[in-house]
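Work through the exercises below with the model open. Each task is followed by its solution in steps.

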Amino acid sequence: MLISFEGVDGSGKSTQIELLRERLTDAGRDVVVVREPGGTRLSEQIRDILLDTDNSIAPFTELLLFSAARAQLVVDVVRPRMAEGYVVICDRFTDSTLAYQGGGRAAASLEWLREFNLRVTDGLVPDRTYYLAIDPEEARSRYADVDDDRMEAAGRSFFDRVADAYERVASEEPDRVVRLNARARRAAIHDEIWKDLARNL
Ligand code: TYD
């Protein structure tokens, strides 16, 4: 089983992932959490390139680098773990590419990117995707004291486009993507996720 979490930086994904990991583990499931970009030696190296504020990276180059990191992660970790019966939780997956490279950078259309993502993951699509929806400005105020990485330095209109693209994906794929109000209490968000998982899997 593959579960992904999505949302702009500061939407509270990490907290919800930790709560879900604990809950699944308590329920006797084997769980592995991976973050994107990253999760393998090569993918972590690509992550460093992508987040380095000294790098100037063209939109299509950025798309290819995120995708390269993902392709390796799928082959090395996600598919093997799924085959062993693990629940794999991804802190970001293909929808981040739709939102950030499609919406934010306008590197390609969402339609084109959906096809491309399928090539990158060799057809792997999350069983459930939990999207933590929040106004990007409010999300930003949650990590205002931390130094910006190269993506976070992109500015307000970029993050508005990212959020718009997330909304579009959520409305176009309601059978997979669960839209959650990231401003709700964390226990309430977690309960909604847990109920949804119980209902669907
Ligand atoms: P990270 O520090 O992991 O952010 P967060 O804690 O919010 O998940 O940095 C990952 C950054 O990369 C984040 O700004 C989103 C961006 N990103 C993309 O632009 N495209 C992608 O396909 C992925 C996976 C991430």
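**Exercise 1.** Is arginine 140 buried, partly exposed or exposed, and what is its relative accessibility?

This is a predicted model, where local features need pLDDT of at least 70, side-chain atom pairs count only at pLDDT 80 or more, and totals for chains, interfaces and linings use all residues. Residues are numbered from 1 along each chain as its sequence is written, and side-chain values use heavy atoms, with hydrogens and water left out.

Step 1. Set the classes: buried is under 20% relative accessible area, exposed is over 50%, and partly exposed lies in between (1.4 Å probe, protein chains only).
Step 2. Arginine 140 has 28% relative accessibility, so it counts as partly exposed.
Step 3. Look for its partner. Arginine 140 forms a salt bridge with aspartate 148, at 2.8 Å from N to O. The term means a side-chain nitrogen of Lys or Arg within 4 Å of a carboxyl oxygen of Asp or Glu.
Step 4. Classify the partner. Aspartate 148, at 29%, is partly exposed.

**Exercise 2.** Find which residues of helix α1 are buried, and how they are arranged.

Step 1. Locate the helix. Helices here are DSSP runs (H or I, at least four residues) and strands likewise (E, at least two), numbered from the N terminus. Helix α1 covers residues 13-26.
Step 2. Check its length. The expected span is 1.5 Å times one less than the number of residues. For the 14 residues of α1 that gives 20 Å, and the end C-alpha atoms are 20 Å apart, which agrees.
Step 3. List the buried residues of α1: Lys13, Gln16, Ile17, Leu20 and Leu24. They fall within an arc of 100 degrees seen down the axis, so they line one face of the helix. The arc is taken over directions from the helix axis to the C-beta atoms.
Step 4. Turn to the face away from the buried side: it carries the exposed Ser14 and Asp26.
Step 5. Find the packing partners. The buried residues of α1 pack against β1, β2, β3, β4 and α8, with contact meaning heavy atoms within 4.5 Å.
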